[in-house]
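Trainee: Hi, could you walk me through this one?
Mentor: Happy to. Have a look at it first, then ask away.

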Amino acid sequence: RVPVMATAIGRCFLAFADSDTRRRILADLAVSDNPYDALARTPDQANKLLDTIRERGFATSDQEYMSSTRAIAFPIFFNGQVLATVNVFVIADAMGLDQLIDRYSPILRGAVDEIENALAGAKSGITVPTADGGAAMGISH
């Protein structure tokens, strides 16, 4: 488990989750005594960060959770809902955040596009849960 508010992958999921899910998670985090959840106790700041992530289309973290790493994460959508997030993290001493974004965001964006296209066009027997509690066909490979 990784903290939602201190990691790229957690921030990404939260930013792109539907508003009810986002509100519920932020409310839970706001009463947590975990220092990594502190941002949730300042809703204006948390919402500003999540707005920025949605505008950019991806989330980052820069040594907030693990002082030795930086990360970038992109959402994967299925049926209009965020289904998952995918990320890359690097050792902070090896690469700056801008380098990470420049080098890996096109690669991750391409991977996300392939995954979303496969999910949208798959005709396998694998089901993927939908936001309304139903299920939709997913990929089998």
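**Core and ring pairs**

Mentor: The largest nonpolar core has 17 residues, and Met-5, Phe-16, Leu-26, Leu-50 and Ile-53 have the most contacts inside it. A nonpolar core here is a set of buried Ala, Val, Leu, Ile, Met, Phe, Trp, Tyr and Cys residues joined through side-chain atoms within 4.5 Å. This is a predicted model, where local features need pLDDT of at least 70 and side-chain atom pairs count only at pLDDT 80 or more, while totals for chains, interfaces and linings use all residues. Residues are numbered from 1 along each chain as its sequence is written, and side-chain values use heavy atoms, leaving out hydrogens and water.

Trainee: Which elements give two or more residues to this core?
Mentor: Those are α1, α2, α3 and β2, and α1 gives the most, with five residues. Helices (H or I, at least four residues) and strands (E, at least two) are DSSP runs, numbered from the N terminus.

Trainee: What does Leu-26 touch?
Mentor: Leaving aside residues up to four places away in sequence, Leu-26 touches Met-5, Leu-14, Ala-40, Ala-46, Asn-47 and Leu-50. Contact means heavy atoms within 4.5 Å.

Trainee: New topic: at what angle do α1 and α3 pack?
Mentor: Helix α1 (residues 8-16) packs on helix α3 (residues 43-56) at about 85°, with the axes 9 Å apart. That makes α1 roughly perpendicular to α3 (65 to 115 degrees; under 35 is roughly parallel, over 145 roughly antiparallel, the rest oblique). The axes are lines fitted to C-alpha atoms over the stretch in contact, with angles from 0 to 180 degrees between N-to-C directions.

Trainee: And which residues meet there?
Mentor: Arg-11, Leu-14, Ala-15 and Phe-16 in α1 meet Leu-49, Leu-50, Ile-53 and Arg-54 in α3.

Trainee: How many aromatic pairs does the structure hold?
Mentor: Three. One of them is Phe-16 with Phe-77, edge-to-face at 5.8 Å centre to centre and 90° between the planes. Rings of Phe, Tyr and Trp (its six-membered ring) pair if their centres lie within 6.5 Å; planes under 30 degrees apart count as stacked, over 60 as edge-to-face and the rest as tilted.

Trainee: Where do those two Phe residues sit in the chain?
Mentor: Phe-16 is in helix α1 and Phe-77 in strand β2 (residues 69-78), 61 residues apart.

Trainee: Is Phe-16 buried or exposed?
Mentor: Phe-16 counts as buried, at 16% relative accessibility, whereas Phe-77 is partly exposed at 29%. Buried means under 20% relative accessible area, exposed over 50%, and partly exposed in between (1.4 Å probe, protein chains only).
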